[in-house]
Amino acid sequence: MVSLTLHVFSFWFLSITTASSLTTPNTAGLCPPSSFQSDHEFVFRPDQEGGRNANYDNTKSPGDCCARCESKFCSAWTLYPNKTCAITNMPPVSSIGLSGATSGVSRWRPSFDHLGVYTYKDWMQAAEVTPFRFKGQSYMMESVEGLPQDAPKTLAPGSYFRIRNLLTGAILTNVTESVGHAFFSAKVDYVKNVAWVFGAAHHRGSDNKGPCDVPPYVGCYVGAWSSTDLINWSHTYKALTLPDGLFTQNVAVAFVRGMGPDHNNVEASSLPRHQAVMELEGECGSKPCFSFAINTGSDGNLGANWTLLDHAHHSPTHACPFLDHDETSGYYYTSGGGETVAGPYRSKDLQTWESPPFGPVTKPATCTGINLDDKVAPFYTSLWASADPHVYDSLNDQSEWNWGHNDADVCCDDGESPTYLVYTVSQQGAPKGWKSKQGAMYGAIGVFNGTLREWYATFYDDMHAPHIVKAAAESPKLSLPRRMKSSFQ
């Protein structure tokens, strides 16, 4: 392809002065008084065993304590007579009677159907993946750490991305042009039928001496690659170069379209007109940090024309983000997290963000006490057909080792159904010294029978939340890990 010139700006950031903020969600729909238990308290697991407990004084009512619990993604709560609200992120060990105390469990339910795991750690190489549809077929973009033993030697020293067929798991192509980069994410331009992949200049798993790896981080940049057939890929565009001293890891990109027939780029609030937004896992030490860049071009080229926004445009989540834009409502949506997939948060200006009343996106099994991903999904079939029996060893006891759902991504912003969500089922976030099923890890996939916009709608009460309406009609009981059940009353 023709080489494109990166626009160089005289300032580090496009400066905007309004401070970012995050609203408090209205979780009333998750806290009906009929679900509270009077004269009752839960006994929490100690913090040193991963309990992740917190106390909040001067809590006015059980409803306020419940709301605090839901906003913190907790598992259970107790409001004591002295107005102390205690919450825990782990299923409690037991419950006992206590006069004047009120307790309850989280009524959160996932807004998608868990299809199960689609891949195993030995096949993953890295956690960052993106499912996508392209010209009528479904694929997975996978980050690859280092150089796997069975990889072509032309990919040495490694750290690159590849494309798999989602159904069979067959590798369509290993993208040589991307060697020397990592933490990839993909996005498809469905107007121009062009696939884009983005990744920071890390030599992950090879010599770890890329410009984004080594202090003082001079010349760290986000690379971009494009393709119209998923086989032939462009050279590496240095899409966005960060100021010296700064670096990023995970990145995510969303196209920003207008509602007109020409799909022009849009102007949002105080932002200039832009055709795409990039969210970055910015690393700035103790300094105020960057989170977003905008692409001010208008021709669909995402290999150039990126402008870094200042820290006033700050993401409500930091780790492992995914990002989308809804052209109908004008909302940007972001989600992410290294342990719980938080959000999805929404904003119209990348500064003021709303928390979803019915979030988060997912919770790990140690939080819910439920093995939601204990089966094999109907994807990557060629890999499972020849799988060694040991890959199944950790499927059925995830509530004992799955401390993290991380590196989530979604498919697809093409207005089609269904919507897919992928995430890693891992031990990321485990308490110090935790030994159970050391190293267990899978990639999981879920499905929502609707478009991506309809899925986002399920998290906000002004857009209806059918999964919560259904759950509210039930009286959910806390499901505890097998080794705790004997002590639960």
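Guide: By class, the lining of the largest cavity has 13 nonpolar, two polar and four charged residues, where nonpolar means Ala, Val, Leu, Ile, Met, Phe, Trp, Tyr, Cys and Pro, charged means Asp, Glu, Lys and Arg, and polar takes in the others, Gly among them. This is a predicted model, in which local features need pLDDT of at least 70 and side-chain atom pairs count only at pLDDT 80 or more, while totals for chains, interfaces and linings use all residues. Residues are numbered from 1 along each chain as its sequence is written, and side-chain values use heavy atoms, with hydrogens and water left out.

A cavity is a set of points, on a 1 Å grid over the protein atoms alone, where a 1.4 Å probe fits but cannot get out, and its lining residues have an atom within 4 Å of a point. The count comes to three cavities of 30 Å³ or more, and the largest has a volume of about 140 Å³, a volume being the space filled by probe spheres set on grid points joined across faces, edges and corners. Of the 19 residues that line the largest cavity, Thr130, Ala186, Lys187, Asp409 and Val410 lie nearest its centre. Two or more lining residues come from each of strand 8 (129-134), strand 12, strand 16 (247-255), strand 20 and strand 24, strands being DSSP runs of E (at least two residues) and helices runs of H or I (at least four), numbered from the N terminus. Strand 12 gives the largest share, four residues.

The second largest cavity holds about 110 Å³ of space, and Glu128, Phe184, Asn250, Pro321 and Ala408 are the closest to its centre among its 13 lining residues. At least two of its lining residues come from each of strand 8, strand 12, strand 16 and strand 24, and by class the lining has seven nonpolar, three polar and three charged residues.

Strand 12 (182-189) leads on to the largest pocket, where strand 12, strand 20 (322-325) and helix 5 (452-457) each supply at least two lining residues. A pocket is an open set of points with protein on both sides within 12 Å along at least five of seven lines. The largest pocket has a volume of about 430 Å³, and its 20 lining residues include His325, Glu327, Asp413, Asp414 and Gly415, which lie nearest its centre. Helix 5 gives the largest share of this lining, three residues, and eight of the lining residues are charged, with seven nonpolar and five polar.

Leaving aside neighbours within four places in sequence, Leu421 is in contact (heavy atoms within 4.5 Å) with residues including Ala408, Asp409, Val410 and Trp455.
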